[in-house]
Amino acid sequence: MNSEALFTLALGLNSPWEVHKVELVAQPGEQKELHIEIGFQKGSKFADESGTPCGVHDTLTRKWRHLNFFEHTCYIHCDVPRIQTAAGKVVQITVPWARPGSGFTLLFEAFAMFLVEREMPVKRAAETLKVYPQRIWNVFDYWVSLAREKDDPSTITKLGIDETSSKKGHNYVTIGVDMDSKRVIHAVEGKGKAAVASIQERLIDKNVKPEQIIQASMDLSPAFISGVTECFPKAKITFDRFHVVKLLNEAMNKLRILEQKEHALLKGQKYTFLKNPKNLTEKQKLKLDESINLYPALGNAYRLKVLFNDLWGMPNKDVAHEFMINWCAEVRLYKIGPFIEFTQTLIAHWYGILNFFESRLTNGLLEGINHKIQLAKRRARGYRNTNNYINMIYFLCGKLKFDYPHKFT
C-alpha cells in the first residue's frame with residue numbers, strides 16, 4: 001500500500017475522494033510541515049440541492065489546517081469542484097472534511113473544542129494549536145451557536161434569574177435558568193427589565209409561551225420583579241431566601257457599627273454577630289455572650305436574627321405568615337432602627353417571600369452556576385468580548401448537545 005492509499009484510509013475518505021499527494025516540506029529552522037493533496041476521481045458527479053447529480057464546471061483551490069501529524073503541522077489542499085446545478089447556477093460543493101467558510105478541518109475544530117471542554121482557556125488552546133486566539137473563538141462561537149439552534153427548552157415551567165459580572169466593574173450578564181433541568185437557557189448582556197424581556201423573546205422563538213412559566217426565582221431587584229410581572233404574567237415570584245438573610249445580616253452589622261461608635265470593644269467583632277453560632281470558635285462564643293449581655297440593643301437584635309432563621313423551617317405558608325407577623329411586631333416593640341428598615345423590606349416583598357413555602361425554590365442552583373462561571377472567568381483572566389463570555393456560559397452551563405465529528409464522512 002503506497003502513502004496516498006494509506007492516508008486515504010487514515011483520513012476515512014470515501015469515493016470519489018482520494019489522496020493524490022503527500023509531501024513533508026522543510027520550513028526555516030528544523031520545522032517541517034505535512035501537506036496532503038486531496039482530489040476526486042475523473043468523471044465524478046456531485047449532487048446539487050435537489051439531489052440531482054451534476055458534472056464538474058471548474059475548481060477552486062482551497063487549503064485547511066488539519067490535526068498535527070506527530071509533531072508536524074499538517075495542511076490539506078484540494079481543488080474543490082464547482083458544479084452547474086439543475087437550476088443553472090454555478091455553486092461550490094461542500095467538502096466532507098470541512099464546513100463552508102472555515103480554514104480548519106472538522107477534526108481540527110473538534111480537537112480545539114475538546115481542549116476548551118477540558119477547561120483550557122481559549123488563549124492557551126490557541127497557543128497549543130499554534131493559531132491566533134480569535135480563530136479558535138470563531139470555531140467556538142460557531143459550534144455553540146449551532147447547538148443553541150438545536151436546543152429545546154420546551155419543558156421549562158420554573159425560571160431562575162440571576163446576574164453575573166463579565167469583568168471587573170459594572171459589566172453584567174443576566175442568565176435565565178431552567179430550575180428543573182438545572183441549566184442556562186438564555187444569557188444576555190446587561191441586567192434588569194430589558195434582560196428579562198430578552199429571556200422571554202428567546203423562549204417565544206423556541207415556541208414556549210410566556211404563560212408556561214408558572215414559577216420564577218430571583219433576588220429582590222425591582223427591575224427583575226417588574227420584568228417578570230410583565231413578561232411572564234402567570235409566574236408566581238419566589239424571592240431568594242439567601243438574599244433575604246443577607247439583608248438581615250446587613251441590618252445586624254449596621255446596628256453593630258452604630259453601637260461601636262459608643263463602645264470601642266465592639267470593633268473587629270463583625271463576624272462574631274454574622275456567623276452561624278455553630279461555626280463560632282470558643283473565643284468568639286465568649287465574645288458574643290459578653291457583648292449581648294453588655295449591650296441590650298445588640299442582644300435583642302441578635303436574638304431576633306437567630307429567631308428569623310426559624311422561618312425557613314415552617315411547614316406551610318399560613319404558619320410562616322403568622323411567624324413573620326409576630327417577628328415584625330417584636331422588632332417594632334424593641335425599636336431597633338436597622339431592623340425596622342428590614343421589616344419594611346419584608347412587607348414590600350411579603351408574598352414573594354411566602355411563596356417559598358409552596359415553590360421551595362432558591363437561588364442556590366443559580367449561585368452554583370455563577371460560581372462555575374466565575375471560575376472560568378478567572379482561568380481566562382476576564383473576557384473583553386461579551387459575546388465570547390456569553391457563549392462560554394452556554395458551553396459550561398447550558399447542557400447543550402454538540403455533534404463534533406470523529407472522522408471524515
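View 1. T85 sits in the loop that joins strand 6 (72–84) to strand 7 (90–92); strands (E, at least two residues) and helices (H or I, at least four residues) are DSSP runs numbered from the N terminus. Neighbours within four places in sequence aside, T85 is in contact (heavy atoms within 4.5 Å) with D48, C54 and V91. This is a predicted model: local features need pLDDT of at least 70, side-chain atom pairs count only at pLDDT 80 or more, and totals for chains, interfaces and linings use all residues. Residues are numbered from 1 along each chain as its sequence is written, and side-chain values use heavy atoms, with hydrogens and water left out.

**View 2. The largest nonpolar core has 50 residues.** A nonpolar core is a set of buried Ala, Val, Leu, Ile, Met, Phe, Trp, Tyr and Cys residues joined through side-chain atoms within 4.5 Å. F232, L311, W327 and F339 have the most contacts inside the largest core. Beyond its neighbours within four places in sequence, L311 is in contact with A320, F323, M324, I353 and F357. Another core, of 41 residues, lies apart from it and includes A126, V139, I390 and L400.

**View 3. Helix 6 (residues 222–231) has buried residues F224, I225, G227, V228 and C231.** The buried residues fall within an arc of 165° seen down the axis of helix 6, so they line one face of the helix; the arc is that of the directions from the helix axis to the C-beta atoms. Exposed residues P222 and E230 are carried on the face turned away from the buried side.

**View 4. The largest pocket holds about 550 Å³ of space.** On a 1 Å grid over the protein atoms alone, a pocket is an open set of points with protein on both sides within 12 Å along at least five of seven lines, and lining residues have an atom within 4 Å of a point. Grid points are joined across faces, edges and corners, and a volume is the space filled by probe spheres set on the points. The pocket is lined by 21 residues, of which K123, W137, A380, R381 and G382 lie nearest its centre. Helix 3 gives the most to this lining, with 4 residues.

Note on methods
Buried < 20%, exposed > 50% of the residue type's maximum accessible area, 1.4 Å probe, protein only. 1 Å grid on protein atoms, 1.4 Å probe; cavity = no way out; pocket = protein on both sides within 12 Å on 5 of 7 lines; lining within 4 Å.
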